[in-house]
Amino acid sequence: MSTIEGPIEDPVDDLSVTAPKTWATGVPAVAHALEYSLSQTSVRRTALTLLNINQAKGFDCPGCAWPEPAAGERHRNEYCENGAKHINDEATSRRVTAAFFRAHSVADLGRRSDYWLNQQGRLTEPMVKRPGADHYEPIGWDAALDLVARELRALDSPDEALFYTSGRLNNEAAFLLQLFARAYGTNNLPDCSNMCHESSGSALQETLGIGKGSVSLDDIHHADLVFVVGQNPGTNHPRMLTALEETKRNGGKVVAVNTLPEAGLIRFKHPQKARGVIGRGTPIADRFLQIRAGGDLALFQALNRLLLEAEDAAPGTVLDHDFVRAHTTGFADFAGHVRTTSWDDVRAATGLAREEIEEVHRLVLASRSVIVCWAMGLTQHKHGVPTIREVVNFLMLRGNLGRRGAGVCPVRGHSNVQGDRTMGVWERMPREFLDALGREFGFAPPTRHGLDSVDGIRAMRDGTATVFLGVAGNFVRASPDSDVTEAAMRRCRLTAHISTKLNRSHTVCGDTALILPTLGRSDRDVQVTGVQFYTVEDSMSEVHASRGKLPPASPHLLSEVAIIARLARRTLGADPAVPWQEFEADYGTIRDRIARVVPGFEDFNARVAAPGGFRLPNPVNRRVFHTPSGKAVFTRNAFTMPHVPTGHLLLQTLRSHDQWNTVPYAPNDRYRGIHHARRVVLVNPADLDALGLADRAPVDLVSVWHDGVERRAEGFVAVSYPTARGSAAAYYPETNVLVPLDSVADISNTPTSKGVLVRLVPAGVPRSPADRPGSR
């Protein structure tokens with residue numbers, strides 16, 4: 001195999017700023033995707049990946065969880081710019097070998113950037129850092145797995161171990177991971193959903209009885225009105241723009257609600273259509289509400305008050321009384337409360353004029369079918385759960401659940417994060433699931449709730465969790481309060497990461513640390529019974545097969561299924577009687593067991609063999625609600641909004657366009673006009689004036705929190721940008737250091753990464769006593 005040669009250098013910040021783009025995708029996106037892909041691997045491998053990604057007989061994109069069209073309706077190029085970059089980042093010809101680890105100490109790697117670490121290439125063999133050592137060294141698979149098993153067996157309690165996963169994991173491996181953890185004796189199954197969409201699951205489970213979205217691609221295409229709230233599809237899930245273009249071509253309307261203008265929601269140039277190559281493309285958002293960060297609860301309460309008042313003015317013509325009477329509970333209490341919503345409060349929270357909200361209200365009245373889509377702009381606030389409950393109230397008033405073109409649509413940003421949860425990767429799985437799991441495998445799963453990601457960090461910090469097993473992902477960089485998280489990880493006896501590529505988490509080591517290299521989505525998976533496939537579930541509950549096509553990056557790689565199965569056998573022995581060896585040999589046997597444990601997966605192997613797979617049933621679409629009352633629940637949500645004192649801003653962390661999750665592919669954010677730098681903070685020009693700062697002023701960001709600990713991100717540049725007044729934005733993971741571990745959403749425990757209170761301090765200004773640790 002050819003290897004991409006040449007030194008990998010960290011980009012040097014050399015900030016240049018251009019005007020934000022007013023359209024997304026088009027030919028430049030294709031060019032950037034190919035440029036990055038060909039910088040990673042050969043023309044032949046690039047062609048193999050791009051012709052097979054998101055195809056019915058190919059492999060699922062390991063990026064976002066946006067669904068594909070039906071198998072017979074897919075384009076030959078069914079991917080976006082970022083998906084193409086991500087899959088060829090995985091398919092790279094660069095390799096990280098034992099010689100690399102001899103040349104670089106852990107301390108040296110810890111000084112490197114996320115970009116540099118990722119660019120080194122694919123991991124090729126198991127590595128161990130032993131106690132007191134500062135280098136990783138090779139270790140055989142048997143020795144590595146025996147080491148983990150010994151540490152697990154030596155713990156005083158199974159609850160001293162954490163089994164973390166990200167959404168890159170497939171369904172079969174996720175099912176085995178949770179089975180292993182529960183057979184071992186713990187529900188400590190934190191996952192990346194804890195840090196992003198947990199607020200969605202909490203709100204939807206309470207109000208609708210299921211923590212998932214209810215819509216399909218067909219619903220998006222045929223909705224009269226789609227709200228896109230707190231999300232940036234042009235960067236985080238670009239194929240959503242194709243669906244919204246179809247909405248517009250079918251006569252539907254789109255309302256964008258965001259603190260920042262986003263290029264993809266202004267105009268979309270479809271790169272596979274003539275109008276997107278030589279034409280002007282398609283305008284997407286019919287209305288743009290530039291809302292203040294954290295103001296969405298107030299917005300939907302205002303819309304709900306307007307709907308109630310419209311019904312008062314024309315009884316029987318606005319609300320869906322049949323739906324409300326037959327299928328909901330709590331309406332009277334909700335309605336009495338929301339009628340008290342103050343327009344002064346709404347104005348203060350949203351920054352929007354009443355007339356702007358009333359314009360959107362008129363669009364709602366003119367629309368029979370309405371969908372609300374959202375992402376982390378709603379979930380990562382202290383009041384994220386009440387906000388999503390208010391969205392559900394809004395939809396229920398006009399019966400926008402359980403019919404075509406209507407419903408709730410939380411848009412997941414990671415490939416199989418929803419599938420992981422369906423497979424049981426959750427610290428609080430319901431008793432029905434645990435009972436079914438126990439019956440199938442002949443043991444009694446623990447029923448005590450386990451630790452989520454935030455509580456897992458607290459447990460490591462406090463010494464009550466001492467073994468961390470991470471399956472995929474980059475836990476250290478995805479987590480809040482970076483200094484606290486890293487110190488917590490270093491307190492562990494053992495940290496072990498099942499990974500495809502090098503990342504920052506591998507440099508933050510427990511006493512003993514392991515890197516266990518695994519197959520990627522694009523790699524061919526061959527076990528003793530032959531070539532295997534596995535399955536994933538997208539944001540819209542479609543389950544389909546994924547088949548890798550490329551030769552593995554190294555002959556020493558094991559699949560995630562194999563690693564988990566072998567580790568479980570070594571740790572548990574024959575108790576309980578789980579056929580781990582059989583599962584490793586034939587993934588179809590895992591699917592047979594899933595079919596008997598997880599509702600909706602009956603006859604799994606046969607159904608997933610159909611091109612495009614199958615869709616899981618969602619009771620909401622039959623207007624069946626698995627709540628205690630058997631009905632959908634209207635909720636009363638107290639008005640709240642972030643309080644931002646004079647001289648402060650509310651910061652949201654976000655991705656740049658040239659980034660996937662914690663990994664930047666380049667130091668650019670093309671659509672926002674930021675080039676050759678990442679340590680920038682985007683601030684409204686009027687806010688810069690009020691703070692006495694010039695455009696391009698060097699600043700430090702200081703997080704304001706009541707625990708008396710200073711959190712500071714140094715070496716930033718303040719860039720004048722059309723953000724909402726009082727709302728600033730900066731890229732993660734560089735600003736995760738500012739998010740306090742204890743600043744979490746009520747109920748869901750999700751870090752409040754979209755609502756960080758900060759001060760901008762001119763660089764070079766000595767720290768005042770108020771900035772020093774312990775002074776507040």
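This is a predicted model: local features need pLDDT of at least 70, side-chain atom pairs count only at pLDDT 80 or more; totals for chains, interfaces and linings use all residues.
**Group meeting: strands, salt bridges and a surface patch**

Let me start with a pair of residues: Ala697 stands opposite Ala718 in strand S31, where strands (E, at least two residues) and helices (H or I, at least four residues) are DSSP runs numbered from the N terminus. Residues are numbered from 1 along each chain as its sequence is written, and side-chain values use heavy atoms, with hydrogens and water left out.

Back to the strands: S30 (residues 697-703) pairs with S31 in the antiparallel sense over 6 bridges, and pairing here requires that DSSP finds at least two bridges between two strands. S31 (residues 711-720) is also joined by 4 bridges to S29 (residues 680-683), and these two run parallel, with Val683 having Ser720 as its bridge partner.

Turning to charge, a search of the whole structure finds 52 salt bridges, each being a side-chain nitrogen of Lys or Arg within 4 Å of a carboxyl oxygen of Asp or Glu. One of them links Arg521 with Asp60, whose closest N and O atoms are 3.3 Å apart. Because Arg521 lies in the loop between strands S18 (512-517) and S19 (526-527), and Asp60 in the loop between helices H2 (43-52) and H3 (81-90), the pair ties together parts that are 461 residues apart in sequence. Both Arg521 and Asp60 are buried, where buried means under 20% relative accessible area, exposed over 50%, and partly exposed in between (1.4 Å probe, protein chains only).

What is the setting of the salt bridge between Arg325 and Asp322? Their side chains meet at 2.8 Å, N to O, and both residues lie in helix H16 (residues 321-327), 3 residues apart, about one turn of the helix. Arg325 counts as exposed because its relative accessibility is 57%, and Asp322, at 54%, counts as exposed as well.

Finally, the surface: Val30, Leu34, Leu38 and Val43 make a nonpolar patch of about 330 Å², for which residues need over 30% relative accessible area and no salt bridge, with nonpolar side chains (Val, Leu, Ile, Met, Phe, Trp, Tyr) joined within 5 Å and, in charged patches, like charges within 9 Å. Helix H1 (residues 27-40) gives the most to this patch, with 3 residues. Leu38 sits in H1 and, at 41% relative accessibility, counts as partly exposed.

How values were computed:
Accessible areas come from the Shrake-Rupley method with a 1.4 Å probe; for residues, only the protein chains shown count as cover.
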